[in-house]
Amino acid sequence: MKQAIVLAAGEGQRLRPFTVTRSKAMLSIADKPILQFVVESLAQNGIHDVILVVGYRKEQVYDYLGSGERFGIDITYVTQETQLGTAHALLQVKDMTEDEFLVLSGDNLIKAHTIAEFVKVEPEAVLVKRVSDPERYGVVNIEGGEVKDIVEKPKEAVSNLVNTGIYAFTKDVFKFAESVLDIPDVLNNMIAEGYNIKAMETAGTWLDVVYPWDIISLNEAVLQNIDVSLGGTIESGASIKGKVMVGEGTVVRAGSCIYGPVVIGSGCDIGPNVCVMPATSIGDNVVISPFTEIKNSVIGNDVAIGAGCIISDSVIDKGCVFKGRFTAIGGHSEVRVNGESPSVNVGAMMGEDCVVESNVTAQPGVIVGNYCQIQISRVINGRLPDGSLVY
Amino acid sequence: MCGIVGYIGEKKAQPILLNCLSKLEYRGYDSCGIAVLDDDIKVYKDIVRVKSLTRTLPAVDGTAGIGHTRWATHGEPSKVNAHPQSDCAGRIAVVHNGVINNFRELREKLTEEDHILVSQTDTEVIPHLIEKYYNGDFEEAVGLALKDIDGSYTMIALMAGEPRLIAARKDSPLIIGIGDRENFIASDVPALLDYTSRVIYLEDGDIAVVTADAVKIKENGAAITREEHKVLWNVEDAQKGGYEHFMLKEIHEQPKVIRDTLAEYISAAEPAADLTGVEGGSLDDLVILACGTSYHAGLIGKYIIERLVDVPVRVELADEFNYSGQASARNKAIVITQSGETTDALKAIRKLKEAGSQVIAITNAVGSTASRIADRTVYTRAGPEISVAATKTFMAQLIALYWLALPYSKVDISRLDELVLEIRQLPVKVQKVLDNEAAIADCARYLAGFDNIFFIGKGINYPVALEGALKLKEISYIHAEGYAAGELKHGPFALLGSGTPVVAIVAQDNTCEPMVTSIKEIKARKSPVLAVVSEENENMEGLADSVITVPQIDPLFSPVVNSVALQLLAYYVARERGCPIDFPRNLAKSVTVE
């Protein structure tokens with residue numbers, strides 16, 4: 001297989017507020033967009049010809065991936081103007097493909113080993129994965145190595161093998177893509193027409209973000225495998241343990257403790273006397289002032305965290321400013337997202353460019369929209385829409 | 001202002017030369033051509049863009065050659081005036097970037113000596129002079145020919161039977177790219193990024209003899225070793241990566257440019273440059289010199305420094321300063337030049353240095369002439385800018401000016417903390433303007449229907465109005481004028497009416513109220529008003545006809561977000577009008593002629 005079509009046009013509405021200004025594929029996990037994991041996996045498996053179908057907030061993809069040079073691939077961009085479905089997205093590249101090609105979702109996190117065997121498979125084929133909660137996905141019914149059918153989000157799953165959204169196709173697929181909107185329906189129709197669709201199982205990494213808090217668990221999972229590298233300046237008196245990555249131009253000041261796995265971006269100013277505890281990712285150009293502790297959290301670019309804050313089990317998007325003594329600690333909560341109320345253990349999830357005055361406490365599970373302003377000494381909970389002012 | 005390239009090695013020269021030239025089209029593109037050394041010299045040139053030339057050329061096997069893309073100065077764009085230019089026998093070919101002042105007398109003299117010159121270019125005298133002096137030694141002949149020339153003559157010469165390139169630099173940049181059993185020559189770094197990151201910058205007066213395995217440089221006849229630099233830019237920077245135009249890509253790069261520039265300045269152990277001058281001293285007479293968009297950055301710098309440091313600052317156009325400006329040893333000067341090669345800016349630096357002034361250069365090009373002749377250099381980290389209309393380099397210049405001023409600011413410590421926090425937030429604020437692109441594009445569609453547009457601003461946003469008008473006129477060809485809001489009533493009011501819209505930049509500072517008054521006055525003359533306002537300003541409804549909101553920000557930094565909004569506005573107006581955005585007519589980047 002020499003060519004891959006990566007579908008990265010979708011928004012991911014359930015992930016709001018984090019997908020208001022970027023697509024789901026551009027969500028950052030361990031300081032890298034999910035899409036970067038996908039294209040790097042392709043490059044490492046020798047696939048350099050990549051057609052990227054973009055749509056929602058496509059500029060963010062252009063800005064980050066560019067022509068693909070930096071990631072060892074050659075990208076051709078195709079725009080899907082309205083995001084009607086995955087089959088419709090695939091149809092956009094009808095006239096550009098080789099005879100055989102891979103199709104992948106740009107918003108599922110994979111590693112090179114996930115597709116190492118699959119890139120050699122003969123089309124048509126689908127990559128499946130064994131999961132503990134198949135009801136969340138398309139469950140694949142397999143007999144003798146071949147797909148019988150795919151059922152989306154069944155009440156009762158017939159197996160725990162689910163569709164990863166990674167396929168090997170020939171150009172035949174386009175004949176079936178016009179009548180339906182999503183690829184699983186395409187497969188079902190192909191099977192009905194007598195096509196044999198192989199199912200190959202992978203034991204490799206395949207992670208999906210459905211809800212905002214999934215970012216925290218994915219981040220933790222991915223951080224386990226980072227390489228140690230210390231750029232920037234680590235002042236004497238700072239303590240670094242475990243797997244820690246620190247970017248260029250970052251200063252970690254005296255008395256600070258960084259206990260890996262932790263990723264810190266470039267141009268940051270950390271400390272003095274700051275604790276960054278395991279399973280934390282911190283973006284570029286982030287300032288963290290003295291006596292702050294951050295644990296099991298994801299902090300975006302350009303965030304400024306004042307003195308004396310405690311942030312655990314939380315996601316803080318880019319550009320947020322905390323004046324000081326902000327507290328967000330994970331705890332049991334029921335969060336309503338699109339009518340569903342799963343029970344989770346999570347701290348605060350805060351959209352971009354929020355300003356939080358001093359002594360604010362976030363109750364577990366609060367979802368703060370983008371561009372919110374929270375006045376001094378408030379307690380925030382529930383769900384705050386974009387642009388909220390909390391007096 | 002032209003782009004020149006050269007290649008010598010083991011590969012076929014033709015595709016390499018054409019590829020290098022395509023990266024230099026921002027320096028001029030009214031005609032182009034190449035010469036390849038085969039058994040003899042084969043010259044192909046025309047009044048077309050590089051892409052069209054590529055399609056029409058027969059394949060040639062030679063492994064050495066030169067190329068040129070032209071921005072006409074002497075002689076209109078035509079096939080005969082395109083470079084390379086040749087001698088009578090067609091054995092010598094020359095590509096040249098510069099202006100030869102004494103070319104008329106040289107031409108007359110050569111004609112008297114029975115040389116036949118066919119073009120109107122000044123360049124053509126060079127191959128004929130080389131032919132005249134050639135006595136079995138190519139290098140010597142080039143040296144003698146250049147001695148006759150008064151003017152700027154950055155050039156590369158190629159001769160039949162001579163497997164080497166001879167290059168010379170005078171007043172325009174020239175770079176040698178070092179490869180593996182091959183070497184390259186080009187006017188600018190982007191041309192070489194596909195092949196090598198090892199470069200040598202030639203200096204004025206240098207003559208280099210370049211073969212596949214060696215580069216020998218002489219300065220005034222004496223052999224000299226020039227330092228090899230490693231270029232940090234990568235190929236990615238010179239590609240569009242999904243965007244339709246370089247300009248839009250570069251506008252979108254600005255959050256990253258700000259982040260990179262800040263990271264570099266913040267992590268540096270020492271301040272980037274000492275505003276008080278290299279040897280310390282007081283700061284009481286500061287002058288900023290620049291041209292074009294950089295001049296607008298300089299004007300904003302005046303407001304930044306005056307407000308923060310509380311000293312008076314003079315800003316002048318470099319070219320005007322060169323003819324009638326006052327330089328003194330007391331001056332501390334900041335000269336801003338994106339390319340570091342702009343002739344007017346370099347002259348200004350030399351004039352200041354002669355007067356004994358301390359000069360800080362702000363430039364985007366490591367190793368450029370400006371950085372070598374100034375006392376100190378503050379580098380902006382914008383990466384190569386391909387679009388002729390400057391956007392991200394302007395932004396990086398603003399960041400450099402903020403950064404220069406902050407350590408000397410006379411504001412109290414909590415205000416300083418606020419400003420440092422705010423400057424670190426700029427990438428997010430700029431991204432927020434970019435996220436609002438669709439609304440700005442809507443306003444642009446409306447403006448595209450007019451032929452005259454005014455831009456007004458007040459205080460620190462007055463230069464933003466100038467820059468907004470410049471961006472619009474250079475890429476959309478709409479006549480646009482930037483005015484200080486208070487000046488509008490001293491004349492331009494006569495031009496207002498329903499056919500002349502006004503773009504008003506309203507900041508949330510002490511200029512807000514008088515700006516509102518100005519808008520009311522304009523509305524009374526029936527001009528449509530497009531207001532660029534901070535999101536916290538809620539008084540614009542019912543006053544302006546349409547509004548572009550930008551993120552709330554400290555007024556000192558308002559030029560950052562306002563400029564980005566106006567860049568997008570200019571881009572979408574030009575797109576609506578179907579203009580060739582990255583290559584506006586008659587314009588070239590980094591003007592190395594007067």
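Good morning. The model is predicted, and for that reason local features need pLDDT of at least 70 and side-chain atom pairs count only at pLDDT 80 or more, whereas totals for chains, interfaces and linings use all residues. Residues are numbered from 1 along each chain as its sequence is written, and chains are lettered from A and ligands numbered from 1 in the order in which they are written.

I begin with chain A as a whole. Its C-alpha trace spans about 65 × 40 × 35 Å along the principal axes. For 391 residues a compact globule would have a radius of gyration near 21 Å, and the 22 Å of chain A agrees with this. That radius is taken over C-alpha atoms, and the globule rule is 2.2 Å times the number of residues to the power 0.38. Chain A contains six helices and 41 strands; these are DSSP runs, H or I of at least four residues for helices and E of at least two for strands, numbered from the N terminus.

How is chain A divided? Domain 1 covers 3–210 and domain 2 covers 228–390, with bounds that come from an automatic or database domain assignment. The centres of these two domains, over C-alpha atoms, are separated by 32 Å. Their contact draws eight residues from domain 1 of chain A and 13 residues from domain 2 of chain A, where contact requires that the C-beta atoms of two residues, placed from the backbone, lie within 7 Å. On the domain 1 side there are four nonpolar, two polar and two charged residues. Here Ala, Val, Leu, Ile, Met, Phe, Trp, Tyr, Cys and Pro count as nonpolar, Asp, Glu, Lys and Arg as charged, and the others, Gly among them, as polar.

Some backbone details of chain A deserve mention. The peptide bond joining Arg16(A) and Pro17(A) is cis, with omega about 10°, and Pro17(A) sits in the loop between β1 (3–8) and β2 (28–29). Another cis peptide bond runs from Gly271(A) to Pro272(A), with omega near 5°; Pro272(A) belongs to the loop between β21 (269–270) and β22 (275–276). Phe291(A), although not a glycine, has a positive phi of about 65°, and it lies in the loop between β24 (287–288) and β25 (293–295).

I turn to the interface. In it, 26 residues of chain A are in contact with 22 residues of chain B. Which element gives the most to the chain A side? Helix α2 (residues 58–65) of chain A does, with four residues. By class, the chain A side holds seven nonpolar, ten polar and nine charged residues.

Finally, chain B. Its assignment gives domain 1 (3–236), domain 2 (240–410) and domain 3 (430–580). Between the centres of domain 1 and domain 2 of chain B, over C-alpha atoms, there are 31 Å, and their contact takes ten residues from domain 1 and eleven residues from domain 2.

The axes of α8(B) (residues 292–309) and α15(B) (residues 462–476) come within 9 Å and cross at roughly 165°. Thr293(B), His296(B), Leu299(B) and Ile300(B) in α8(B) meet Pro463(B), Leu466(B), Glu467(B) and Leu470(B) in α15(B). The residues of this contact comprise five nonpolar, two polar and one charged. The axes are lines fitted to C-alpha atoms, for helices over the stretch in contact, with angles from 0 to 180 degrees between N-to-C directions.
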